[in-house]
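Subject: Structure handover and findings

Hello,

Here is the structure you were waiting for. Please open it alongside this email and follow along.

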Amino acid sequence: MPRPMADKNNALRHFYGLHRATAPSPAAKSPCAIPGRRTAHYSSRSRMVGASAIEPQRVDAPLTQSATFLVVTVNDSPDAFRTVRSTIASIDDLAKNVAIRDLGAQFACTVGIGSKVWDRVTNLPRPAELHPFLEVKGKAHTAVSTPGDLLFHIRAERRDLCYEFERQLLEVLGDSVTVADVTVGFRYFDLRDLLGFVDGTANPVGPAVSASVLVAGEDAAAIGGSYIVVQKYVHDMKAWGKLNTEQQEAIIGRRKWDNFELGDADPDKQKSHKSLATVEDEDGNEHEILRDNMPFGSPGSGEFGTYFIGYSRRLWVIEKMLERMFIGNPPGLHDRLLNYSTPLTGSTFFAPSASLLASIDTDDS
């Protein structure tokens, strides 16, 4: 048996990304990507640039029992931006203060910065694709664009750790920010969403994680970072419940009880959610994203939903996915899942590397 101190040191190394073990891989493609969900996995995190190692944020942290998605706007004053810079530059210290209470709880927090405040917060070159969330308006449904300057994706095996980190974070930020949205997610049975389907087998695994999620040499200033898109969907459970199982499966593109993938429709026919959430380039190469969706809601309040969060090396991949879902492919044949799931929010962020976050000049005005 290892000594307790060795266990603690191993956990500390894991928290700071100094040691990553191999975890079981998920299976085939995900059904429910509003737009999809991931299972736990790990990848190599450091990227070498010249003689320096760039350490990404923990965008590939394992799926946990609980998560908080906190979106805030920054108030327009020099003092507010100084506070924000100081807070996110030292986010690892704040995270350590909470994570140390239970090193086995897989605590992690990823920080995303929006287009509107990128320049004033970082004073660094902008990631090439970073821009505000683009509204996608189809004939029947719209992917709305809503305010959001900073995203804090907080997750852990314990709800109390997520709560405590959110409490301390907002105390430090004080009146420098205004909360635009906060959503608390939870794991539901065997990785199912509240619609009853397994949600999360489309994510890249192993070496493909970094290749799909982390910006590389195509944008030198953004190396080791990742684009993030978030949407908060609410479900009409009464209407969904009126469909029989076969109708639900046709919409999702998978069997409900065993997650078996159903065949694709002909190119000019109505496609399932699974097919519309799959994006290929002009050469037929499929581009993956990393999803960390979670159910949220309360039967007592009548709210049932899925919080979509997608990480990608290329923002255009998620934007193309949403275009296919809301406008349709071919146009007019939108994702029928949207007849039962409505997005209330839509925001885009960029999660710079942990190295870049720590280097932000906190004295800038």
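Below are the ground rules, then the overall picture, then the local details.

This is a predicted model: local features need pLDDT of at least 70, side-chain atom pairs count only at pLDDT 80 or more, and totals for chains, interfaces and linings use all residues. Residues are numbered from 1 along each chain as its sequence is written, and side-chain values use heavy atoms, with hydrogens and water left out.

Overall picture

The protein has 11 helices and 16 strands. These are DSSP runs numbered from the N terminus: helices are H or I with at least four residues, strands are E with at least two. The chain has 365 residues, and 53% of them count as buried. Buried means under 20% relative accessible area, exposed over 50%, and partly exposed in between, with a 1.4 Å probe and protein chains only. The protein exposes about 15,700 Å². Carbon and sulfur atoms supply 53% of that area. Accessible areas come from the Shrake-Rupley method with a 1.4 Å probe; for residues, only the protein chains shown count as cover.

A contact means heavy atoms within 4.5 Å.

Aromatic pairs

A search of the whole structure finds eight aromatic pairs. Rings of Phe, Tyr and Trp (its six-membered ring) pair if their centres lie within 6.5 Å; planes under 30 degrees apart count as stacked, over 60 as edge-to-face and the rest as tilted. One of the pairs is Trp118 with Phe350. Their centres are 5.9 Å apart, with 80° between the planes, an edge-to-face arrangement. Trp118 belongs to helix 4 (residues 115-122) and Phe350 to strand 16, so this pair ties together parts 232 residues apart in sequence. Trp118 is buried, at 1% relative accessible area. Phe350 is buried too, because its relative accessibility is 2%.

Phe350 also pairs with Tyr227: the ring centres are 4.8 Å apart and the planes are at 70°, so this pair is edge-to-face. Tyr227 sits in strand 9 (residues 226-235) and Phe350 in strand 16, so the parts tied together here are 123 residues apart in sequence. Tyr227 is buried, with a relative accessible area of 2%.

Charges over rings

The charged end of Arg120 sits over the ring of Phe81, 3.9 Å from the ring centre. The charged end of Lys232 sits over the ring of Phe296, at 5.3 Å from the centre. The test: NZ of Lys or CZ of Arg within 6 Å of the ring centre and within 35 degrees of the ring normal.

Two loop residues

Lys232 comes up again at Leu344. Leu344 is in the loop between strand 15 (341-343) and strand 16 (347-351). Leaving out residues up to four places away in sequence, Leu344 touches Val144, Thr146, Lys232 and Val234. Leu344 and Val234 are 110 residues apart in sequence, yet 7.3 Å apart in space, C-alpha to C-alpha. Is Leu344 buried or partly exposed? At 44% relative accessibility, Leu344 counts as partly exposed.

Ser272 lies between helix 8 (245-252) and helix 9 (273-276), in the loop. Ser272 counts as buried because its relative accessibility is 10%.

Helix 10 (residues 315-326) has 12 residues and reaches 17 Å from its first C-alpha to its last, close to the expected 16 Å. The expected span is 1.5 Å times one less than the number of residues. Its buried residues include Leu315, Met321 and Phe326. Just after helix 10, Gly328 has a positive phi of about 105°. Next, a cis peptide bond joins Asn329 and Pro330, with omega about 5°. Pro330 is in the loop between helix 10 and strand 15.

Most residues other than glycine have a negative phi, and most peptide bonds are trans. Gln106 has a positive phi, near 55°. Gln106 lies in the loop between helix 3 (91-99) and strand 4 (108-113). Leu191 also has a positive phi, about 60°. Leu191 is in the loop between strand 8 (177-186) and helix 6 (208-213), and counts as buried at 19% relative accessibility.

Best regards
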